[in-house]
Amino acid sequence: MTENNSVFKGGPSTAGDTQEASPQARAGLAFFFLSLYIIVLFVRPQEFVRAFEGWPLMPILIMTAFLAWLAAGKLQLNAPPFYLLTALFLYSPLTVLVAGEGAANALETVAKLIPLYLTFLLISTTALSRRRIRIMMWLMVGGAVLFSVHGIQQKYTGVGWTGEVPILGRIRYIGIFNDPNDVGLSLVTALPMALYLMRTSKNTAFKLLLLIAAGLILWGISLTNSRGTILALGAILGVFSWRRYGVFKTLMIGALAVPLMFMLSSRLDTISPGEESAHGRVEAWYEGIQMLKENPVFGVGFDLFTDHHFRTAHNSYVLVLAEQGIPGYFLWFSFVGICFVLMYRLQKFRKEPEEPFAAWQSLGLERPQGGGFLPPESLEKQQEEETLAPEDQAIARVLFLSLVGFAVSSFFLSRSYSMQLFLLCGMAVAHYQGTRLRNPGVAEYRFLDHFLFWGVLCCISIVVLYFVVSALLSFS
């Protein structure tokens, strides 16, 4: 099977692309409005086009998509991330109440979380086909190219078409993408998708267009001058190389790639616990750990970190720990972690082999005499069908790499509740659910069966964070 060792290869289109279950067909209108919502989320015309100023475009589109989703009838809600995210979003306003901030602030928390929750819910239940996953990838790549071109204009003219200017020479967009690090996060997570779409496109013009898009994204990554983004890019390339070439070749490639990474960011050589910016981040991490010690169950309250420290945590993991305590962190960590696991499992999926000669009997054949076992042609075909379609595995690899990029970049940013995270997780869960519909042999992932595993892993991650922060403080 030629697909097994390549992230950016995909098989030919199959019936799974065009034939969807009845609920999915009815969800087409919801997916249409969801796509419009994501376009507006990236472009944000209401913030720089005078004709749209003051228009609540995003609330209108997301609520319209949700109403269409309700009208579509029963959709797939079987994956554990649904319940974990629901529990987390119910727990978050509770932490605000316990912190003594009152019901008004708790309701404000709910209002902040609703768009994130609905975005995840709609993507993960309406984008189950490969075609719709590819549409989502096109939207992500389109947003990344938009940010890059806007940033290139900023670099050479001093201002983008939105009226936004660079900050300290680093490009940025508007709205929730006003920070160069947020732009970098969007770019680095879209890069694997651009390469996948380019590799699988049968249209030469599209291949060329996507090659240009990938080049623009890399250029944009350089212009953000974000150290976390460059490290995330290195992690994506490292994981891809490790899966395809093995450890030794990856180390060799890594040694050659390090100088190129320094060329992409002039700030990469300033990474040091003693450097002013890095030292401030380490101090914020330390303060977050202290908040956890003082409030281990409910934390200091959702979105209240800066009420206890003059700067944000600059670490998505520390931020959740400090604001929502260990229970909230367990829900968030498990939610994100399971999305990784689902994509990893789909990459590696293969049905358990049957007992010797059981397959012969299932075909109505007698057990061969003399101990020989040469399966007939029909059995060979059956064995080939025990693995997933190459395209399903390729999509899982691409989403896994994008999640790796987010996980690494978010270690240096406070993006625990970033829209980018819920877009990626929504796509991962949608692909998992869609693959299960196309392949009933894919076993359901039951969270309760792995509850102890996630509990232990959550505790280990907290201990590791504590020792990392302590070590960095000693060096600084």
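Helix H6 (102–126) gives the lining of the largest pocket its largest share, four residues, in what is a predicted model. The pocket holds about 630 Å³ of space, and 28 residues line it, with Leu116, Ser414, Tyr417, Ser418 and Met419 lying nearest its centre. Besides H6, the helices that each supply at least two residues of this lining are H3 (28–43), H8 (180–200), H13 and H17 (419–438). Sorted by class, the lining is made up of 15 nonpolar, seven polar and six charged residues.

H6 also packs against another helix, H4 (residues 57–71), and the axes of the two come within 11 Å and cross at roughly 45 degrees. An angle of that size lies between the limits of 35 degrees for roughly parallel and 65 degrees for roughly perpendicular, and H4 is therefore oblique to H6. The crossing of this pair is left-handed. On the H4 side the contact involves Ile62, Met63, Ala65, Phe66 and Trp69, which meet Leu118, Thr119, Leu121, Leu122, Thr125 and Thr126 of H6. Eight of the residues in this contact are nonpolar and three are polar, while none is charged.

H13, which is among the helices that contribute to the pocket lining, spans residues 316–348 and packs against H16 (residues 390–409) at an angle of about 155 degrees, with the two axes 8 Å apart. Because angles over 145 degrees count as roughly antiparallel, H13 is described as roughly antiparallel to H16. H13 passes H16 in a left-handed crossing. From H13 the contact draws on Tyr317, Cys339, Phe340, Met343, Tyr344, Leu346 and Gln347, and from H16 on Gln393, Ala396, Arg397, Leu399, Phe400, Leu403, Val404 and Ala407. These residues divide into 12 nonpolar, two polar and one charged.

The packing of H13 with H17 joins two helices that both supply residues to the lining of the largest pocket. Here the axes lie 10 Å apart, at an angle of about 45 degrees, which means that H13 is oblique to H17. This crossing, too, is left-handed. By class, the residues of the contact between H13 and H17 comprise 13 nonpolar and two polar, with no charged residue.

Notes
Residues numbered from 1 in each chain as written. Predicted model: local features only at pLDDT ≥ 70, side-chain atom pairs only at ≥ 80, totals over all residues. Heavy atoms only, no water. Axes fitted to C-alpha atoms, helices over the stretch in contact; angles between N-to-C directions. Parallel < 35°, antiparallel > 145°, perpendicular 65-115°, else oblique. Left-handed = near helix turned anticlockwise from the far one by under 90°. Contact = heavy atoms within 4.5 Å. Nonpolar A, V, L, I, M, F, W, Y, C, P; charged D, E, K, R; others polar. 1 Å grid on protein atoms, 1.4 Å probe; cavity = no way out; pocket = protein on both sides within 12 Å on 5 of 7 lines; lining within 4 Å. Points joined across faces, edges and corners; volume = space filled by probe spheres on them.
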